[in-house]
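Student: I should like to learn how to read individual features of a model. May we begin with a backbone angle and then proceed to helices and the core?

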Amino acid sequence: MPPPPRRPVTEWEAVALAALASCVFVPATPQKRFAREMRDATEITEKQAEWLRVLVHRYRRQIPRVCQCPTCSAGVGVAPRHSGNP
Ligand SMILES: [Zn+2]
C-alpha cells in the first residue's frame, strides 16, 4: 500500500500541535508519542489531522480555547466564549 498522502498543516493545526505538545500525558501512550512526534510537523495526513482534533478536544482543559469543535465553540463544558467568531 502506498503511504497516505500528506498535505501542509493548516494554521489551526500548527497551533493545535504546539498546544498539544505542551500537554501532560500519561507516559508511553500513543497520544504522548503523537504529540511529541508531530510537534514541529509541517505536513499531516488526514488520519493524523482527524486524531489531532480528537486529542485537542480530549485535552481541552489543559489547552483552553484551542479546540474549535462545535461543542467547544458553543461553550459547552468550557469557559463561556462570547467572541464574534463566524
Ligand atoms: Zn472540542
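Student: Is Ala-28 buried or exposed?

Tutor: The model is a predicted one. In it, Ala-28 counts as exposed because 7 other C-beta atoms lie within 10 Å, and the cut-off for that class is 12 or fewer. Its place is in the loop between α1 and α2.

Student: What should be noted about the phi of Ala-28?

Tutor: The general idea is that most residues other than glycine have a negative phi. Ala-28 is not a glycine, yet has a positive phi of about 60°.

Student: Where does Arg-65 lie, and what is its phi?

Tutor: Arg-65 is in the loop between α3 and α4, the latter being residues 70-73. Its phi is positive, about 70°, although Arg-65 is not a glycine.

Student: Which residues of α3 are buried, and why may they be said to share a side?

Tutor: The buried residues of α3 are Leu-52, Leu-55 and Val-56. They lie on the same side of α3 because they cover an arc of only 100° around the axis. That buried side packs against α1 and α2. The face turned away from it carries the exposed residues Glu-46, Lys-47, Glu-50 and Val-54.

Student: How many C-beta atoms surround Leu-55, and what does Leu-55 contact?

Tutor: Leu-55, in helix α3, has 22 other C-beta atoms within 10 Å and is therefore buried, the cut-off being 20 or more. Leaving aside neighbours within four places in sequence, Leu-55 is in contact with Leu-20 and Gln-31. Separation in sequence and distance in space are read apart: Leu-55 and Leu-17 are 38 residues apart in sequence, and their C-alpha atoms are 9.8 Å apart.

Student: What does Leu-17 touch?

Tutor: Not counting residues up to four places away in sequence, Leu-17 touches Val-9, Met-38, Arg-39, Ala-41 and Leu-52.

Student: Which residues form the largest nonpolar core, and which elements supply them?

Tutor: That core has 10 residues: Ala-16, Leu-17, Ala-19, Leu-20, Ala-35, Met-38, Leu-52, Leu-55, Val-56 and Cys-67. Two or more residues come from each of α1 (11-21), α2 (30-38) and α3 (46-58). The largest share, four residues, is given by α1. Of the 86 residues of the protein, 14% count as buried.

Student: What confidence does the predictor assign to the protein and its elements?

Tutor: Where pLDDT is low, the predicted coordinates should not be read in detail. Here the average pLDDT is 89, and 87% of the residues score at least 70. Among the elements, α4 has the lowest mean, 91, whereas strand β1 (residues 6-8) has the highest, 98.

Notes
Residues are numbered from 1 along each chain as its sequence is written. This is a predicted model: local features need pLDDT of at least 70, side-chain atom pairs count only at pLDDT 80 or more; totals for chains, interfaces and linings use all residues. A nonpolar core is a set of buried Ala, Val, Leu, Ile, Met, Phe, Trp, Tyr and Cys residues joined through C-beta atoms within 7 Å. Two residues are in contact if their C-beta atoms, placed from the backbone, lie within 7 Å. The arc is that of the directions from the helix axis to the C-beta atoms. pLDDT is the predictor's confidence in each residue, from 0 to 100.
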